[in-house]
Amino acid sequence: MIQEGQLPLCPLCSLVEETPKHLFLHCLSSWHIWSIIMQWWLLVWVCPPSLADLASWWFGNSFQK
């Protein structure tokens, strides 16, 4: 629960204010998860600058089963 006057910190790292962009792309914990997924798929990946870029990349690729 966020108390009045508190910044809503990221629940994964508790270091910066929680935003969708931070939570899904720029949080170190999220980065580790993305890295594991990319290793499974044998992909080299650079973190996109925005969620729109992530969605564009994600839905624009056809992944092998």
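Buried, in this talk, means under 20% relative accessible area, exposed means over 50%, and partly exposed is in between, with a 1.4 Å probe and protein chains only. By that rule His22 is buried, because its relative accessible area is 11%.

Some ground rules before I go on. What you see above is a predicted model, in which local features need pLDDT of at least 70 and side-chain atom pairs count only at pLDDT 80 or more, while totals for chains, interfaces and linings use all residues. Residues are numbered from 1 along each chain as its sequence is written, and side-chain values use heavy atoms, with hydrogens and water left out.

Now the overall layout. The protein chain has three helices and zero strands, and from the N terminus the order reads α-α-α. Helices here are DSSP runs of H or I with at least four residues, strands are runs of E with at least two, and both are numbered from the N terminus. Of the 65 residues in the protein chain, 18% are buried. The chain exposes about 5,400 Å², and carbon and sulfur atoms supply 63% of that area; accessible areas come from the Shrake-Rupley method with a 1.4 Å probe, and for residues only the protein chains shown count as cover. Contact means heavy atoms within 4.5 Å. Among contacts between residues at least 6 apart in sequence, 16% join residues at least 24 apart.

Back to His22, which sits in helix 1. Leaving out residues up to four places away in sequence, His22 touches Cys10, Cys13, Val16, Glu17 and Cys27. Cys27 is found in the loop between helix 1 and helix 2. Is Cys27 buried or exposed? Cys27 counts as buried because its relative accessible area is 0%.

Not counting residues up to four places away, the contacts of Leu23 are Cys10, Pro11, Leu12, Glu18 and Ser30. Leu23 and Leu9 are 14 residues apart along the chain, with 10.0 Å between their C-alpha atoms.

Next, helix 2. Its 13 residues should span 18 Å at 1.5 Å a residue, and the end C-alpha atoms are 19 Å apart, which agrees. The expected span is 1.5 Å times one less than the number of residues. Which residues of helix 2 are buried? Ser30, Trp34 and Met38 are. They cover an arc of only 75° around the axis, so they lie on the same side of helix 2. That arc is taken from the directions from the helix axis to the C-beta atoms. As background, an α-helix has 3.6 residues a turn, so residues three or four places apart point the same way. On the other side of helix 2, Leu28, Gln39 and Trp40 are exposed. The cover over the buried residues of helix 2 includes helix 1, residues 20-26, and helix 3.

Most residues other than glycine have a negative phi. Ser14, in the segment before helix 1, has a positive phi near 55°. Ser14 counts as partly exposed because its relative accessibility is 46%. Just after helix 2, Leu42 takes a positive phi of about 60°. Leu42 belongs to the loop between helix 2 and helix 3, and at 76% relative accessibility it counts as exposed.

Last, the surface. Ile36, Trp40, Trp41, Leu43, Trp58 and Phe59 make a nonpolar surface patch of about 700 Å². Helix 2 (28-40) and helix 3 (51-60) are the elements that give two or more residues to this patch. Patches are made of residues with over 30% relative accessible area and no salt bridge, joining like charges within 9 Å and nonpolar side chains (Val, Leu, Ile, Met, Phe, Trp, Tyr) within 5 Å. A salt bridge is a side-chain nitrogen of Lys or Arg within 4 Å of a carboxyl oxygen of Asp or Glu. Leu43, one of the patch residues, lies in the loop between helix 2 and helix 3. Leu43 is partly exposed, with a relative accessible area of 35%.
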